[in-house]
Amino acid sequence: MAFTSVRSDAVSPTRKTAMRVPLILLAACSMALLATGPATATGPLGPLAPPNPFLGPLGTATMHGDAGSSDATPLAGPGAGPVSVSAYPLASACPTLLEGSDNLVVALCTAIVDRTPTVHLIDPAAPGPIGHSLAAFPLAKGSLLGGVYAYLDNNDRLVVVDGENRMLRIGHARDATGRWRLTSEQVADLSAVIPVGDNVTGLVPDWSGNVWFATGKGVVGLVAAAGAVATVTLPVGEQVANSISAAPSGRIAIATTHALYELRADSSGRPEVLWRAAYERGSARKPGQLSWGTGSTPTYFGPNTGADYLTIVDNADGQVNALVFRSGTGQLVCAQPVLTKGGAGSENSPIGLGRSLFVASTYGYPYPAVPEGAGPAVPPTAPFTGGMTRVDVADNGCHTVWENTVRSAAVPHLSTADGAVYTVTRVGLDTTTPLDGYAFTVLDPDTGAVTARRPLPGTTVDDPLQMSPLITHGRQLLQGTVTGVLRVG
């Protein structure tokens with residue numbers, strides 16, 4: 001039985017894309033693992049930080065799983081056994097997939113034809129090989145990264161800032177006829193505090209209910225529960241190209257193209273910078289990255305509170321490093337070389353859990369577009385060799401546990417429920433082509449070994465483009481692609 005499509009009367013029909021690329025079924029492909037030392041089991045990883053009371057379900061309310069952007073989830077994934085695959089052809093790239101307490105998925109996508117950000121409502125449990133959204137709601141257009149980062153609040157409403165710098169909460173419900181509707185209410189108008197031509201890149205609630213945001217050009221602000229807005233501006237020339245993170249302590253982490261910051265609300269409810277740590281940003285943007293600087297959304301992790309440490313990957317020329325800082329003080333714990341067996345650069349947020357962090361290479365990944373002002377890549381292109389590294393933090397520093405040559409084409413996620421790392425890998429030669437395929441891939445976090453690889457349909461039209469998957473409460477994995485969503489499980 002096919003999925004049903006129900007459209008909100010307030011929304012115009014989705015335009016059909018002119019893209020016509022034949023789908024092919026991939027063959028399974030093996031990949032050698034390069035170990036850097038003896039493979040030893042390390043036991044359970046953890047803990048996750050306590051849930052943020054102003055977010056939806058833990059693991060599914062933000063693109064990176066939680067307020068701290070751990071890319072770890074307490075939910076079990078599809079596992080290493082046989083899986084089924086279905087497609088949601090939405091004619092849109094879908095980087096943000098979130099699941100509420102009602103088990104419905106809210107997807108924030110960008111239409112292929114006119115790049116309009118659009119919210120879709122999806123039922124991942126509906127049977128059938130092909131699905132469409134239950135309802136859709138278009139947003140005002142902004143920058144390329146504007147309309148990418150959003151979150152679900154504790155009432156399953158999508159909190160997002162549109163291209164006109166309005167902070168919105170978008171809820172969903174059935175009307176009297178049984179049709180699903182998406183409705184919006186404005187939280188705050190940020191246009192007075194955001195310069196013309198600037199857009200919000202990332203936003204997250206803190207544990208007091210303030211909604212923090214950061215713009216591409218370095219305006220950082222918070223919207224208090226009563227609606228008051230307060231901002232601070234970071235140094236001129238520093239851009240924010242990734243999302244932002246929050247810790248139970250009330251601290252907020254923001255990475256610019258030059259430095260990592262931790263902030264908090266002061267006694268008057270205004271943003272206050274606690275510390276700034278500059279990092280090696282290199283001499284230019286690297287191929288496979290969207291900005292000249294770190295590609296990391298800052299990740300909180302740690303063995304005690306789940307947010308003891310803060311990590312990003314730098315953009316140093318040649319060898320890149322995972323940088324680990326102490327939350328609260330900004331003390332550098334270590335600068336550990338990573339991705340020494342693959343491409344030395346990453347656009348993705350590391351996984352962080354307990355004393356461990358996991359970094360995936362995106363060096364050389366072929367993006368169809370980069371944000372305005374990103375600058376040229378040096379070199380302009382490079383092979384996508386892939387590679388992942390696990391680093392553990394000890395009392396006296398950090399050490400590499402393993403490295404591999406997995407060519408992750410998505411943001412990897414770690415399940416604490418089944419002890420597996422999930423991603424989608426690119427299948428083909430290191431020199432990428434439109435005919436490359438993709439595979440649902442499961443890894444052992446203790447060793448970095450691939451424990452399962454299942455072919456996915458498609459070539460160019462199903463490119464995950466380093467987007468973040470969603471592990472649902474129903475043990476499915478939803479992966480955004482350049483044309484819609486794949487459902488695995």
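Two strands count as paired if DSSP finds at least two bridges between them, and strands themselves are DSSP runs of E with at least two residues, numbered from the N terminus. The structure on your screen is a predicted model, in which local features need pLDDT of at least 70 and side-chain atom pairs count only at pLDDT 80 or more, while totals for chains, interfaces and linings use all residues. Residues are numbered from 1 along each chain as its sequence is written, and side-chain values use heavy atoms, with hydrogens and water left out.

Move to Asn165, in the loop between strand 8 (158-161) and strand 9. Asn165 is not a glycine, and yet has a positive phi of about 60°. Is Asn165 buried or exposed? Asn165 is buried, with a relative accessible area of 7%, where buried means under 20%, exposed over 50% and partly exposed in between, using a 1.4 Å probe and protein chains only.

Next select Leu158, Met167 and Leu190, which touch the most other members of the largest nonpolar core, a set of 47 residues. Such a core is made of buried Ala, Val, Leu, Ile, Met, Phe, Trp, Tyr and Cys residues joined through side-chain atoms within 4.5 Å. A second, separate core of 22 residues includes Ala409, Ala410, Ala452 and Ile471.

Go to Val378 and Pro379, which are joined by a cis peptide bond with omega of about -5°. Pro379 lies in the loop between strand 24 (356-360) and strand 25 (388-394).

**Last stop: the largest cavity**

Finally, select Thr62, Met63, Leu203, Ser243 and Ile244, which lie nearest the centre of the largest cavity among its 16 lining residues. A cavity is a set of points, on a 1 Å grid over the protein atoms alone, where a 1.4 Å probe fits but cannot get out, and lining residues have an atom within 4 Å of a point. This cavity has a volume of about 110 Å³, a volume being the space filled by probe spheres set on the points. Strand 11 (residues 200-205) gives the largest share of the lining, 3 residues.

Conventions:
Helix = DSSP H or I, 4+ residues; strand = E, 2+ residues; numbered from the N terminus. 1 Å grid on protein atoms, 1.4 Å probe; cavity = no way out; pocket = protein on both sides within 12 Å on 5 of 7 lines; lining within 4 Å.
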